Amino acid sequence: LWIRDSFMTREEITWVGNSEERFLELWTQKEALIKVDPKGQLMQLKNIKILENGQGRINNRQYYLQSFKISKSTFTHMACSKKMDHVKFERISIQDVL
């Protein structure tokens, strides 16, 4: 309960309800915005707005959000200052990086 109340607005709490999937969707959207915006880590999560049109806002900066399903029960979001028309994910191993 305290986690929800510390990062969600009343409207977001209503939208999420008791849905774990909606909670995780909202959490990963805000997480993506924190990572893309230079001042994101300094913001209170309640002040990071998720818009209904697949976008998010931190102060007056607007970002596009893209959802990615990783597995049947796992997903994440990516935020970018420009609209993402095509994003390709590839699995890599640690050996590929080294």
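Modeller: Before we start, a residue counts as buried under 20% relative accessible area, exposed over 50%, and partly exposed in between (1.4 Å probe, protein chains only). This is a predicted model, where local features need pLDDT of at least 70 and side-chain atom pairs need 80 or more, while totals for chains, interfaces and linings use all residues. Residues are numbered from 1 along each chain as its sequence is written, and side-chain values use heavy atoms, without hydrogens or water.

Colleague: Great, let's begin at the tail. Is Leu98 buried or exposed?

Modeller: Leu98 counts as exposed, at 82% relative accessibility. You'll find Leu98 in the segment after α4.

Colleague: And Val97, buried or exposed?

Modeller: Val97 is exposed, with a relative accessible area of 55%. Val97 belongs to helix α4, which covers residues 94-97.

Colleague: OK, zooming out. How many helices and strands does the chain have?

Modeller: The chain has 4 helices and 4 strands. Helices (H or I, at least four residues) and strands (E, at least two) are DSSP runs, numbered from the N terminus. The order of the elements from the N terminus is α-α-α-β-β-β-β-α.

Colleague: What box do the C-alpha atoms fill?

Modeller: Roughly 45 × 30 × 25 Å, taken along the principal axes.

Colleague: And what share of the residues is buried?

Modeller: Of the chain's 98 residues, 26% count as buried. As for contacts (heavy atoms within 4.5 Å), if you take those between residues at least 6 apart in sequence, 29% of them join residues at least 24 apart.

Colleague: New topic: how many salt bridges does the structure hold?

Modeller: The structure holds 3, where a salt bridge is a side-chain nitrogen of Lys or Arg within 4 Å of a carboxyl oxygen of Asp or Glu. One of them joins Lys30 to Glu12, with the closest N and O atoms 2.9 Å apart. Lys30 sits in helix α3 and Glu12 in helix α2, so this pair ties together parts that are 18 residues apart in sequence.

Colleague: Are Lys30 and Glu12 buried or exposed?

Modeller: Lys30 and Glu12 are both buried, and Glu12 has a relative accessibility of 9%.

Colleague: Which residues is Glu12 in contact with?

Modeller: Setting aside neighbours within four places in sequence, Glu12 is in contact with Phe7, Leu26, Lys30, Ile48 and Ile50. Helix α2, where Glu12 is found, covers residues 10-16. With neighbours set aside within four places again, Ile48 has contacts with Glu12 and Lys30, and also with Leu33, Ile34, Gly40, Met43, Arg57 and Ile58.

Colleague: Back to the salt bridges. What does Glu31 pair with?

Modeller: Glu31 bridges to Lys35, and the closest N and O atoms are 3.8 Å apart. Both lie in helix α3, and because they are 4 residues apart, about one helical turn separates them. Glu31 is partly exposed at 32%, while Lys35 is exposed at 62%.

Colleague: And what about Asp37, which residue does it bridge to?

Modeller: Asp37 bridges to Arg61, with 2.5 Å between the closest N and O atoms. That pair links distant parts of the chain, 24 residues apart: Asp37 is in the loop between α3 and β1 (48-50), and Arg61 is in strand β3. Asp37 is buried at 4% relative accessible area, whereas Arg61 is partly exposed at 24%.

Colleague: Last one, I promise. How many aromatic pairs are there?

Modeller: The count is 3, with rings of Phe, Tyr and Trp (its six-membered ring) paired if their centres lie within 6.5 Å, and planes under 30 degrees apart called stacked, over 60 edge-to-face and the rest tilted. The Phe7 and Trp27 rings have centres 4.7 Å apart and planes at 90°, so they are edge-to-face. Phe7 lies in helix α1 (residues 2-7) and Trp27 in helix α3 (residues 20-36), so the pair ties together parts that are 20 residues apart in sequence.

Colleague: Is Phe7 buried or exposed?

Modeller: Phe7 is buried, at 1% relative accessibility, while Trp27 is partly exposed at 34%. Trp27 also pairs with Phe23: the centres are 6.3 Å apart and the planes are at 20°, so that pair is stacked. Phe23 and Trp27 are 4 residues apart in helix α3, about one helical turn, and Phe23 is partly exposed at 24%.

Colleague: Which residues form the aromatic cluster, then?

Modeller: Phe7, Phe23 and Trp27 form one cluster.
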